[in-house]
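Dear colleague,

Please find below the structure that I am handing over to you. My findings follow directly after it.

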Amino acid sequence: TFARELLADAGYPNGRDAETGQPLVLYFDVSAVGPDAKAQLDWMRKQFQKLNIQLVIRSTDYNRFQDKMRRGQTQIFKVGWSADYPDPENFLFLLYGPNAKAIHNGENSANYQNPEFDKLFEQMRVMPDGDERQEIIDKMVDIVRHDVPWVWGFHPKQLTLFHAWNKNIKPNLMANNTLKYHRIDPLLRDQLRSKWNQPTIWPLILLLFIFIMAMLPAILIYRRKKHQQAVNT
């Protein structure tokens, strides 16, 4: 596979040091806890094991994890980012060299440094939206894909259900303050409410029928006794 070829090119054929024969050991620092996190980490360990790489999970509390990140004392780690605004700049700045966390205490957790990327970022971030800006963004993405400072492990999806009378909804994973943009169609809502909330009377009819059928034997017995008493007198 391509991963095995890269290992061999890096001097670790079949996951072992070509000179010493020692297995390749990688350290994965996390602050995750709980059964769900354990299942994910076990899965990752198994994936590395397929390449004969020993993945050592180093789980710490959040404060210790952040301290290690600030000091650049991590090898592999997992972090997330929620965009402040929907623009590529708010993601690409996470790889801007002067934002390196271990050097400048910025948000570049990978401490990625690439002069060409940085130059393009400085040019792109002050440009208005347009084809020229998009071309620069595409170049930056190509650079990052080649250098691979990140491994994009998760591609979340979000499913949203809403009524037909609740309009102008555009669900996304970045903006949470979208309620002010919703538009309610009160006429359609009233129509649908009237349609959905029609009284359902068949359960009452069924209960009445069951009650009558349950009482019928008692009524017949009572009438038979009254008739018998009348005959005897």
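The second largest pocket of this predicted model has a volume of about 250 Å³. Its lining is formed by Q158, T160, N168, I169, K170, P171, N172, A175, N176, T178, Y181 and H182. By residue class, 7 of these lining residues are polar, 4 are nonpolar and 1 is charged.

Three strands form an open sheet in the order 2-1-3, and their pairing is parallel. Between strand 1 (residues 25-30) and strand 2, the parallel pairing runs over 6 bridges. Within this pairing, L26 has L55 of strand 2 as its bridge partner.

Two helices pack on the sheet. Helix 2 (residues 35-49) touches strand 1, strand 2 and strand 3, and its direction makes about 155° with that of strand 2. Helix 3 (residues 62-71) likewise touches strand 1, strand 2 and strand 3; the direction of helix 3 makes about 125° with that of strand 1.

As to the overall organisation, the protein is divided into four parts: domain 1 (1-78), domain 2 (86-156), domain 3 (166-197) and domain 4 (201-232). The C-alpha centres of domain 2 and domain 4 are 83 Å apart.

With kind regards

Key. Residues numbered from 1 in each chain as written. Predicted model: local features only at pLDDT ≥ 70, side-chain atom pairs only at ≥ 80, totals over all residues. Heavy atoms only, no water. 1 Å grid on protein atoms, 1.4 Å probe; cavity = no way out; pocket = protein on both sides within 12 Å on 5 of 7 lines; lining within 4 Å. Points joined across faces, edges and corners; volume = space filled by probe spheres on them. Nonpolar A, V, L, I, M, F, W, Y, C, P; charged D, E, K, R; others polar. Pairing = 2+ DSSP bridges. Helix = DSSP H or I, 4+ residues; strand = E, 2+ residues; numbered from the N terminus. Contact = heavy atoms within 4.5 Å. Axes fitted to C-alpha atoms, helices over the stretch in contact; angles between N-to-C directions. Domains from an automatic or database assignment.
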